Number of protein chains: 2
Amino acid sequence: MVKALSHNIQDYLKQIYQLSAAGGKASTNQLAEALDISAASVTNMLQKLSKTQPPYLIYHKHHGVQLTDEGQRIALKIIRRHRLIEEFLVKKLGYTWDEVHEEAEVLEHAMSPLLEKRIDAALGFPEFDPHGDPIPDVNLNIPQTNPTTLRSLEIGQTGRIIRVPHEDPQVLRYLGKCGLRPGVSIKLLSRTPYDQTMRIEILDTGDKAIIGPDLGGQISISIGA
Amino acid sequence: MVKALSHNIQDYLKQIYQLSAAGGKASTNQLAEALDISAASVTNMLQKLSKTQPPYLIYHKHHGVQLTDEGQRIALKIIRRHRLIEEFLVKKLGYTWDEVHEEAEVLEHAMSPLLEKRIDAALGFPEFDPHGDPIPDVNLNIPQTNPTTLRSLEIGQTGRIIRVPHEDPQVLRYLGKCGLRPGVSIKLLSRTPYDQTMRIEILDTGDKAIIGPDLGGQISISIGA
DNA sequence: ATCATAATTTAGTCTTACCTAATTTTTCTA
DNA sequence: TAGAAAAATTAGGTAAGACTAAATTATGAT
């Protein structure tokens, strides 16, 4: 029997996973920022999580942390639940894609293994959530995509949107209004020399959209229409 | 802006509501038993909840507690969510009625007002949950029924089941197997003189079932088929 | 009316997870 | 290769919500 982990701890592990996906390690300050708590509190918790049996992460003073396999397993389980919930809310309860992140952030901790199974089945075992993020399967394997980002498109080149950033409702509403969702094919029309702002065309509708370089770097695409 | 109440406090208020529905007041020990914590802890919490602004309950040493209007409002909100979730799990996710209580016990605390609204709408604004318990509406008004209990039936008299006890999965599985669910019409065939065990007939199917007096007292019915 | 028992409360701790302030370590720049 | 700035850690504290043990109050049977 495995001891139930607190919501807090689950959130730490999830965040560490997300941060180290881009970088291999997560630093105390990054975590403090992401979880909106003080760095001192983070240090305490990291030390604690490195001393459990089994340990959830590997901690070296002043050098960031890395999840153990066990820690990663837990992180992936939470991420799976989070994304299943997002997909469920959109597909079955009429949510828009900008409403689901916050809701899932809470519900992911209240989801039993049974509910996870039933929702997964009700959705037909989906591989991606509404933002195009991959949903780890029952064994926590993640559907692989091989994306680059919108920012790296050449002028005149086409691509297909794979995923968009999922946290900020405002951004999501903007993208939604432009018709920029996963699966949509686009072409880069132009890039301003000074600030790299991109003009792109949605191929199906012919609509145009303006995307700054920051946001462009957070939108994953595959090359080709 | 109202301060968010902890899950714990929500559980206290809900339990007090349920206990005082049958009795007007809830005692420290009843609460300790129902919440599975020590009586001393309950005393502490009751004192705390009676000193909030506004107070959630009225506390007199050694004489039990009673919810204030505010306390009752919160209790009913949780109960509404609990029952909506139960109905949702059965109707939309293929749960059986013995699986839903425990699940709802957790989810009720993770449910946003928006989710409550969407689920309510998806179900067509149901008035009763799978066990026949009334679901408070958006304004927390409770559909009234005027039930008596199975135990009070006379021999040969007919009745229609209104609600069954909802917590114990074993009991629910037994009742389910017998076909005893809300809406079903029954007739009392006999009662043993010694222990008052009842034999009843389900009118639609002709099936017979045996119900002890304790369980019989927890099954609500309306008189007449 | 008394006394045993049951119910409740008080007092004192513990754990979890957070905080701020002060200190130490690392990193970056001149 | 200092020394400043940034990052991380330590130390000491707080609030919630639980606990046990001891004390008090209420109740019910003779």
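In this predicted model, 12 residues of chain A are in contact with 12 residues of chain B. DNA strand C has 20 residues around it, and DNA strand D has 20 residues around it.

- On chain A, helix H5 (100–107) and helix H6 (113–122) are the elements that give two or more residues to the side that touches chain B.
- H6(A) supplies the largest share of that side, four residues.
- By class, the side of chain A that touches chain B has seven nonpolar, three polar and two charged residues.

- The same surface serves both copies, as 100% of the contact residues of chain A recur in chain B.

**Surface near DNA strand C**

- The residues that come nearest to DNA strand C are A:Ser6, A:Ala40, B:Ser27, B:Asn29 and B:Ala40.
- Chain A gives two or more residues from each of helix H1 (7–21) and helix H3 (39–50).
- Six nonpolar, 13 polar and one charged residues make up the surface near DNA strand C.

**Surface near DNA strand D**

- A:Ser27, A:Asn29, A:Ala40, B:Ser6 and B:Ala40 come nearest to DNA strand D.
- Here helix H2 (28–35) and H3 of chain A each give two or more residues.
- On chain B, helix H1 (7–21) and H3 each give two or more residues.
- The surface near DNA strand D divides into six nonpolar, 13 polar and one charged residues.

**Sheet in chain A**

- Chain A has an open sheet of six strands, in the order S3-S8-S4-S5-S6-S7, with antiparallel pairing.
- Strand S3 (148–149) and strand S7 (208–211) of chain A stand at the edges.
- Each of these edge strands has a single partner strand, so one side of each is left without a neighbour in the sheet.
- Strands of a sheet pair through backbone hydrogen bonds, either parallel or antiparallel.
- Strand S4 (residues 158–163) and strand S5 (residues 185–191) of chain A run antiparallel and are joined by three bridges.
- A:Gly159 has A:Ile186, in S5(A), as its bridge partner.

Notes: Residues are numbered from 1 along each chain as its sequence is written. Chains are lettered from A and ligands numbered from 1 in the order in which they are written. This is a predicted model: local features need pLDDT of at least 70, side-chain atom pairs count only at pLDDT 80 or more; totals for chains, interfaces and linings use all residues. A residue is near a molecule or strand if its C-beta atom, placed from the backbone, lies within 6 Å of it. Ala, Val, Leu, Ile, Met, Phe, Trp, Tyr, Cys and Pro count as nonpolar, Asp, Glu, Lys and Arg as charged, and the others, Gly among them, as polar. Two residues are in contact if their C-beta atoms, placed from the backbone, lie within 7 Å. Two strands pair if DSSP finds at least two bridges between them.
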